[in-house]
Amino acid sequence: MNVIEMNGLRKEFTVRVKAGRLRREKRTVTAVDGVDLRVERGEMLGYIGPNGAGKSTTLKMLTGVLTPSAGHARVCGLRPVPDRTRLALRIGVVFGQRSQLWWDLPLRDSFALLRHVYRVPAGEHAARLARCRSLLDLDEFLDTPVRQLSLGQRMRGELTAALLHGPEVLFLDEPTIGLDVVSKQAVRGFLAELGRAGDTTLVLTTHDLADIERLCRRLVVIDHGQVVHDGSIAALHSRYGSRRMVVAELDAALPAPPVLPGAPVQRVEADGRRLVFALESASVAEVVAGLAGLATLRDISIVEPDIEEVVARLYRAPAEVG
Amino acid sequence: MAEPGTLTGSWRAYRALLGAQARSQAAYRTSFVVDLVGNMGATVFDVVTVLVLFGVTRELGGFTLRETLVVVGLSSFAFATADLLVGNIERLPRYVRTGLFDAVLVRPLAALPQLLLMDLPLRKVSRAVFGLAVLVFALVSAGIGWTPGRVALAVVAPLAAVVFFAALFVTTATVSFYWVDSGELANSVTYGGRDFTSYPVTVYGGWFRAIFAYGLGFAFVSYHPALALLGRADPLGLPAWVGWASPGVALVAAAVAALAWRVGIRHYRSTGS
């Protein structure tokens, strides 16, 4: 069953741009340009794209904050804007840069308030809170006013707040933005645990691809409002040239970077004593053999493809993709 | 959108939001007390202005001091109470900018009551209480010939005036959905309305009176109810029943505000700005 459906979803904004001293020109910006997506129950979907690609706008349309300009969306079988309050009971939303918590009250109080806002039976609420407390280590700052929490602590609070009513779908807009490594690990570990249970659908936008690698089997890349990739991370690699790298450490620098068929030099480091080759059609053995005739090798290492590199290439050249 | 059976749940939710706001403000106890006292100043000033005026004249637009105080009392109480309950909606542009507005839209409650309750300025309570004191004093000392009808009007008219001002706050705030820097315009209508209703409309003249008193309906906030309470005929010649029309005018204003809010929110959702 599809928990989320988007058909030709589109969102245009009219912005006024200064043109001359007094004149303002209206310009239409298409933030989301005909997105078709289906997300099944229990899926964990990574939704990524460069700044301004339309990620947050899509999420706002799915959560009932913004009305689509064209096309339609269904979440849990409901229309997000007309059925907003009914949908709100069935989804959880975490916006990384804005808060659902009460700034001046202890974290504990926000949770108690949300129980009333979402009309959650006391028993269910207590059970879910207990689970989040142990998985997210909330106990040490449960009585601290939210304004005094660190960003990492606050984000753990936000996650709890979004889950206390047992939502079927959890939307996360940049949940790890600005977090230190330890907090990122805690948040990812928690979301992975949530995904493993299999009954919560998770849609995650992020700039940190480690989030995706850790959590999402399915990756949707959006650029200029259009989906440019929808599939597994492995599919992304093979489609856009998953390139393993060979790093060769040499005793002495070569006069010029060597030309090896099927393995162009990507980078020259350490004053020419370290060369990085991208494996296009050549094998590791061919690169080693080719190099051995030219220089004395001290060390060889192989670097697996990096999703960031793949995505960076994708962002740069989206036009060729249908 | 309201479903049967969820009304009590919503009520409990709103009450919880109000409680949270009270506890949030109690977190800053000293500044709360200072604000409580300071906030009274504005309303005291309204009354002092009128007293000063009567220091130089015996009548104002054909009304004595005691009669005028009924007008002032109605206006002060109604404005201060509406300002307490919904005045903070003028901070709508800030709610939009900080994302509070989006946060409110992903919760299973109506947006407007949430915004009002989450930012209810309890420190303004002192003004409303002072306004009520002025109103009660004015009603007691004006020598009103009390009848059951007038007693009812003395209760209903202030409430209608509160609704009227509240509607005014909401309506003017929705302008900021279209035009973010509209705060000054909104203030000129709301605070201008308070000043306008502090005096008998007979002191104003011509088109100005026509527009504000009857075009926008400010005459029904304090002037006409005061006439009916005092048992005075309208010097401008309107029939006596007009004094009893304020609840109807308030309902119309509330309907306009509700419509403006709905249209404004729809505009926000379609532009996202």
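Helices (H or I, at least four residues) and strands (E, at least two) are DSSP runs, numbered from the N terminus. The model shown here is predicted: local features need pLDDT of at least 70, side-chain atom pairs count only at pLDDT 80 or more, and totals for chains, interfaces and linings use all residues. Residues are numbered from 1 along each chain as its sequence is written, while chains are lettered from A and ligands numbered from 1 in the order in which they are written.

**View 1. Helix H3 of chain B, from end to end.** H3(B) is mostly covered, with 20 of its 22 residues buried (20 or more other C-beta atoms within 10 Å of a residue's own, C-beta atoms being placed from the backbone).

View 2. The C-alpha atoms of chain A fill a box of roughly 75 × 55 × 50 Å along the principal axes. Of its 322 residues, 41% count as buried.

**View 3. Where chain B touches chain A.** On chain B, 22 residues are in contact with 26 residues of chain A (C-beta atoms, placed from the backbone, within 7 Å). Helices H1 (7-26), H5 (100-105) and H12 (246-271) of chain B each give two or more residues to this side. H1(B) supplies the largest share, 8 residues.

Notes. Buried ≥ 20, exposed ≤ 12 C-beta atoms within 10 Å, placed from the backbone. Contact = placed C-beta atoms within 7 Å.
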